[in-house]
Each structure stands twice: as C-alpha cells, then as structure tokens.
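Reader: I would like a close look at a single part of this model, followed by whatever else can be said about its packing.

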Amino acid sequence: MANIYFKQKNYPKAIKFYRMALDQISNAHKEMRIKIMQNIGVVFVRLGQYSDAITSFEHIMSDSPNIKTGFNLILCYYAIGDRERMKKAFQKLISVPLGIDDEDKYIPTSVSYDDPSSNMVIEAIKNDKLHQMERNLKVLAEKYIMTAAKLIAPAIETSFASGFDWCVDMVKSSQYVELANDLEINKAITYLRQKDFNQAVETLKTFEKKDSRVKSAAATNLSFLYFLEKDYDQADRYADLAMNADRYNPAALINKGNTVFVKKDYEKAAEFYKEALRNDSSCTEALYNLGLTYKRLNRLEEALDCFLKLHAILRNSAQVMYQLAYLYEPLGDPQQAIEWLMQVISVTPTDPHVLAKLGKLHDDEGDKSQAFQYYSESFRYFPSNIDVIEWLGAYYIETQFCEKAIQYFERATLIQPTQVKWQLIVASCYRRSGNYQKALETYKEIHRRFPENVECLRFLVRLSTDMGLKEVQEYATKLKKVEKMKEIREQ
C-alpha cells in the first residue's frame, strides 16, 4: 500500500503505511525493517524534510550500514549544508563492508596449477552468477563514492581543490585505494569545466610516473587538451605516451590519429582510427574521424560506409546526417542528399546553413519555388550570409520585383561596404523599377565613394542625358578621363 501511495506521489499516506508496516514487523526480521526505514527516508527526501530523512538514514548506518543509505545520508547533509557531517558521512560510506573481499578464490594457487579438479572449479566460478553479482556491487559502490566525492568536494573546504584532496586522502586509506587515481583525474576534469586549463594540465602531469592504466588516461586527456590549444607537438608527445602505456586505449589512438590528420598525413591517420575501432568497435569518435579522413582522401564510397554505420548507432545525430547529405551530392545522387538534409532539418529546424544547402540543391534541380522557400528560411535565421542574400535578390530581379530585391542588396552593402557591385545593383534596381531620381542619387553616392568606377560613370552619363540634366558634360569628361587612365594602366 505504501509503495502504491509513493508511486501516486501521495507521500504523507506512504509514510503512514510504511510506519504501520514497521510496527508489525518484529526485530527478528532486521533486513526487512532496514528496507522499510530506507523507504521512509527516501519519502522524507521527496518531501524536502531532510532532518527527518537524516534520522532514518543515521539509524540504518549505525545499525546495519550499506552503500546506498550512506550515499543518501551524504545527499541530505549536502542539502542542509552541514560540512562536518558531510565529512563524517563520507568516511562512513567508504568504510561500509561490501563482504566481497575474498578475491583469492578466483585466482589459481601454486597447488591448483597441478591439480586439474581445482583448475576446473576456478574456471567454473570465474564468471558465475555470484562473481558477476560481486563485481556489480563493487562497481556500484565505486560509482556512489565517486559521485559523493565530486558533490561534496567544493562544499567541505574553502576551495574545491582542497575538498578533492581531502576526499583523495580519505579514499587512499580505505579499501577503495585504487579509486584515488580516478578521483585525481576527476579533479583535473573539474578544472577543465571551470576553464582553468593550467591547473588541469598540472594535475594530469602528476600521473606520468603512475601505473600504466592511470598514466594512459591522464596522457590521453593531456593530449586532447594540447590539441585543442593547437600545440600539436605536445599533443603528439602525450598521445604517444598514452599509447605506450596502454596500446588498447581507443581514445589515445584517436588523439594520435588527430595529430597525424592535422599534418595532412591522411593515410596514416586512417590507420590509427581503424586500430581504435579494432579495440572498440562501438567507438563513434573513431568512426566519425575515419569517415572525415576518407572524405579528404576522396574515397567517397568508403566515407559513406562509415557514416551509414554511424547513423545506425547515432540515429538522431544531425552532424552524421549532414555528412551523408554532403557525400551523396558529389556521388551524383542529389535526391538522396535532399532526403538526408530533410532529416537534419527535422532535428535542427533552425540551422541556416542546412536550409541554404537545401535551397541550393533545389535550385540545381530547377525547382525555383522550393529553393526560394529554403533560402528565405535561411535568411530569416541568419540574415548575414552573402550567398543567400545574393540569391534572394537575384530571384526578385528575375521575377520582376525589383523593389523587393533592393532590401536584400542594401543589406549586402552593409555587410560588404567596400564592394561596389552591391551598390551598383541597388542603383540598377531603382532604375529598372522606374525610380530614376533615386537611381541618380544612388549613382552619385557611388561616384563620390568610388570616383574611378567606369560602370557608375556610364550610367550617370546615360541617366543625365535621359533626364536632360546639365551635369551630363561633366560626367562624360570624367568618364573619358577614367577610361583613358584604365587603358594606360592595362598597357
């Protein structure tokens, strides 16, 4: 009944029924009582009554400690901001006995090497249900301890670094001594999240003399950090260090491939990505980078194969779908390219670059109305793409709506003020739409800014003649002079 009320989020009723259940179970059924008390504690957490939850969890930890309750207790202390009790709860958490310290039973002894029956027993129990359960329990305990340390480290001391150091010291003197290195690496990653790259690098460098697994993990992070900072020599050095420490580390192989890729040795980069995939067939980074490498090598069919495999793993990745669209176009299948871009738009409907690409593909296929729709959408989300602006302006000129074209080309003049062609097109649009006065003013402004532009002077002469203006002779003289100067320059 309490469980049902809990599911219905009727927490006061849930507590009432849990307590009624607790009253009816004798102390002989200790395990059942502990489970009910855990549930009561969780309900109090949901209600935000942390002090009541703490009372339940503390009782369990003093009577029959377990990892889950220890973790919940830390969360409650964190919620009320009690530093000292957070520390004590963490110490309690790492001292909870798991009851799986007898790992020797899975390791052959010197006697059993000569004893076939003992060997058979060890082989049989090496991966039996009990060993799997013990392994899962250990993994869960390590996960709770790591999460608790990351949570409380910034709260228990004046800085998160000293908080992490305290947690590491505690872990080093516990049964989870091997977790200390993982915590140190987490400390470096936290520095990264805080954009403190120097401290992250310093922390990671301390692992250079540690055992191979930790050294490889630290060197992998360092390699990628230097790669992001474009220090490719250092990135290469640490990638080598990570690979030497653990040749089966796919991330280390990808970093090595990346450093080779930026040096444009694409064949060699492809080899490293392939080796990473041999070590971990589900490594999506290696598969993506291999696809990009094949693209650079113009091996488009192989690149397509990589991205199709990736799409099967990452169904909603806009990047992967865009790469597929990009490949189908040079492979001579624009319809497939359009299909994939439509899928990208279903995931990221406001991507102006993809919308512009769809517009171009439809334009190439001769479907101007669809092209106009996608180019207009692209312009709406990013009104500064000069190619999109030019296409839309040209479309309106083509369809005899010169007044509408003006707004696009005026925007182009704002984006590229030193490019005279946009201003000439604006003037031309005024002329075509019959607004000769505005056209003349625009040409005069262009002439003021670009006095040696021949095309502008020609139109000024023509317009002045048509409108019977007295400046016609002045512009004609200037035009002859500019044309002569141009001729001399060319000679």
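Which residues does Thr293 touch, not counting residues up to four places away in sequence?

Author: Thr293 touches Phe261, Tyr266, Ala269, Ala270 and Tyr273, leaving out residues up to four places away in sequence; contact here means heavy atoms within 4.5 Å. The model is predicted, so local features need pLDDT of at least 70 and side-chain atom pairs count only at pLDDT 80 or more, while totals for chains, interfaces and linings use all residues. Residues are numbered from 1 along each chain as its sequence is written, and side-chain values use heavy atoms, with hydrogens and water left out.

Thr293 lies in helix α16, residues 284-296. Helices are DSSP runs of H or I with at least four residues, numbered from the N terminus. The relative accessible area of Thr293 is 0%, so Thr293 is buried; buried means under 20%, exposed over 50% and partly exposed in between, with a 1.4 Å probe and protein chains only.

Arg449, in helix α25 (residues 436-449), is partly exposed because its relative accessibility is 39%. Beyond four places in sequence, Arg449 touches Pro417 and Gln423. From Arg449 to Gln423 there are 26 residues in sequence and 11 Å in space, C-alpha to C-alpha.

Next, the nonpolar cores. A nonpolar core is a set of buried Ala, Val, Leu, Ile, Met, Phe, Trp, Tyr and Cys residues joined through side-chain atoms within 4.5 Å. The largest has 113 residues, and Tyr18, Ile67, Phe90, Ile145, Val171 and Tyr176 have the most contacts inside it. Helix α8 (residues 129-156) gives the most to this core, with nine residues. Tyr176 touches Ile67, Ile145 and Val171, among others. Apart from this core lies another, of 39 residues, including Trp391 and Tyr475.

Last, a helix pair. The axes of α2 (residues 11-24) and α3 (residues 30-47) come within 10 Å and cross at roughly 160 degrees. Axes are lines fitted to C-alpha atoms, for helices over the stretch in contact, and angles run from 0 to 180 degrees between N-to-C directions. The two helices are therefore roughly antiparallel, a term for angles over 145 degrees. The crossing of α2 past α3 is left-handed, meaning that the near helix is turned anticlockwise from the far one by less than a right angle. Among the residues that meet are Tyr18 and Leu22 in α2, and Ile40 and Phe44 in α3. The contact divides into twelve nonpolar, one polar and three charged residues; Ala, Val, Leu, Ile, Met, Phe, Trp, Tyr, Cys and Pro count as nonpolar, Asp, Glu, Lys and Arg as charged, and the others, Gly among them, as polar.

Key:
Parallel < 35°, antiparallel > 145°, perpendicular 65-115°, else oblique.
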